Amino acid sequence: MAQKNDLARIKRDVEHLVGEKVRLKANKGRKKISIKEGILEETYPDIFVVCIDGGYNTVRRVSYSYSDILTETVEITLCNKDKKIQAS
């Protein structure tokens, strides 16, 4: 069972990456995995927002909850250092 301090640790780790370029690997279900790169834009009490360049002068913002990292639905990796944020 996930403890509250696990989520607090994940949130703290994500907060340190604000403004950094990150790689998101999201499990979309049914063997669909999405890998995107973007800038971690902002953190909120329950979610974090990543700004992804969509090409053709478009910007897309995606948000995930910290529990997505805990349940391993989303994996965040810092692009230039291969530092990974995970639950364990």
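**View 1. Glu37, a partly exposed residue in a predicted model.** Glu37 is partly exposed, at a relative accessible area of 35%. Here buried means under 20% relative accessible area, exposed over 50%, and partly exposed in between (1.4 Å probe, protein chains only). Helices (H or I, at least four residues) and strands (E, at least two) are DSSP runs, numbered from the N terminus. The structure is a predicted model in which local features need pLDDT of at least 70 and side-chain atom pairs count only at pLDDT 80 or more, while totals for chains, interfaces and linings use all residues. Residues are numbered from 1 along each chain as its sequence is written, and side-chain values use heavy atoms, with hydrogens and water left out.

**View 2. Arg23 and Glu37 form a salt bridge.** Their closest N and O atoms are 3.1 Å apart. A salt bridge is a side-chain nitrogen of Lys or Arg within 4 Å of a carboxyl oxygen of Asp or Glu. By this rule the model has four salt bridges. Arg23 has 27% relative accessibility and counts as partly exposed.

**View 3. Lys21 also meets Glu37 in a salt bridge.** The N to O distance is 3.6 Å. Glu37 belongs to strand β2 (residues 32-43) and Lys21 to strand β1 (residues 21-29), so this pair ties together parts that are 16 residues apart in sequence. Lys21 is partly exposed, at 45% relative accessibility.

**View 4. Glu41 and Arg61 form a salt bridge.** Here the closest N and O atoms are 2.8 Å apart. Glu41 is in strand β2 and Arg61 in strand β4, so the pair ties together parts 20 residues apart in sequence. Glu41 counts as partly exposed, with 32% relative accessibility. Arg61 is exposed, with a relative accessible area of 52%.

**View 5. Strands β3 and β4 run antiparallel.** Strand β3 covers residues 47-55, and strand β4 covers residues 58-65. Eight bridges join them. Two strands pair if DSSP finds at least two bridges between them. Ile52 has Arg60, in β4, as its bridge partner.

**View 6. The hairpin of β3 and β4 has two residues between the strands.** In this hairpin, Tyr56 takes a positive phi near 55°.
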